[in-house]
Amino acid sequence: MSEQMIPRADRNLAMELVRATEAAAIAAARYMGMGKKDAGDQAAVDAMRTFLKTVEMRGTVIIGEGEKDQAPMLFNGEQVGNGEGPEVDVAVDPVEGTTLLAEGRPNSITSIAVADKGSMWDPGNSFYMNKIVVEAEAKSAIDITKSPSSNLYNIAEALGRNVEDLTVFVLDKPRHMSLIEEIRQTGARITLHAEGDVIGALMAAVPGTGVDVLMGVGGTPEGVIAAAAVKALGGGMQCMRAPQRVEEKRQLKQDGVQLKEVLTLDTLIRSNNTFFAATGITPSSFLDGVHFDRRGGVTTESIVLRSLTGSIRYIKGVHRLNRTHDIGGNIGTTPAHVAMEIIAPD
């Protein structure tokens, strides 16, 4: 499956993808703390779409903002890229944490994932799933069909640590009251977040972030995006559909979906040739947010992952804004790279 993609989908594609997330982050960051959730999201979508048109690929959006009638958002089934190069599946989240952005809170990011054509799982009518994500050393220890406490003890053993030393990323939602209590009973520590499925999975899969495990119910589309990153990192991830709405439950039953089916990394992303890029919008302990300076320059921080080589790049981009182009909302700016720091190159 990957033979067609490998010769063309090299480091250039990965770096073009991060240019799209950088542009989306810069566009969205203008709305940080302004209380304009939809405006920030729209600015990111416009910027990402503009830059994706320049990427040498023939992409189909599998995970977007919805159906075509919701355009100008990036919609499911939309064709992206310049029409040349490899055929690929694309998953995008122009702004993860729209409320975080609107309120000026940490952990809002923009992300994009790419995999071989036909390899990305389409969630269909599934909007929520239960997830567990860990780094590579603990990937054989997880079993989502078992209790959270059982998983935590097994993860701790795999990492050669005490369970009290583990930190678990959990979304701060009413549905997680029992999960939080069970984690506390084991002695493991918890970091609660209002939003952030993708960044939580990243932090759990990257060693040394201060987060060891992601647990709980989050978005299904975000789960597919995160899977591309976790696969590139060699981490472990398991999921099960967990519908939260009456209509979602009814539709999945009508579709004949088995809710107890365990969705593995290879279910969510069947290809071993994946790319992932994310850029911070608001500051966080994992990716710094967008910074504007008095001379018209902008600084961004991103992570770029490639599963085929296992490469991890942390990129600090310093951009000079060219006001002759319009890439999102009312910003009227195009980022141009001035300096870039690349860590762990191929």
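Mentor: Two strands pair if DSSP finds at least two bridges between them; strands (E, at least two residues) and helices (H or I, at least four) are DSSP runs numbered from the N terminus. The model is predicted: local features need pLDDT of at least 70, side-chain atom pairs count only at pLDDT 80 or more, and totals for chains, interfaces and linings use all residues. Residues are numbered from 1 along each chain as its sequence is written, and side-chain values use heavy atoms, without hydrogens and water.

Trainee: How do you know that strand 6 and strand 8 pair?

Mentor: Two bridges join strand 6 (residues 167-171) to strand 8, and at least two are required, so they pair. They run parallel, and F169 stands opposite L214 in strand 8.

Trainee: What makes strand 7 and strand 10 edge strands?

Mentor: The open sheet of six strands has the order 7-6-8-5-9-10, with mixed pairing. Strand 7 (189-193) and strand 10 (263-264) each pair on one side only.

Trainee: Why is the space lined by K131, L171, H176, D197, L214, M215, G216, V217 and G218 called a cavity?

Mentor: On a 1 Å grid over the protein atoms alone, a cavity is a set of points where a 1.4 Å probe fits but cannot get out; therefore those residues count as its lining because each has an atom within 4 Å of a point. The largest cavity has a volume of about 40 Å³, and strand 8 (residues 213-219) gives the largest share of its lining, five residues.

Conventions. On a 1 Å grid over the protein atoms alone, a cavity is a set of points where a 1.4 Å probe fits but cannot get out, and a pocket is an open set with protein on both sides within 12 Å along at least five of seven lines; lining residues have an atom within 4 Å of a point. Grid points are joined across faces, edges and corners, and a volume is the space filled by probe spheres set on the points.
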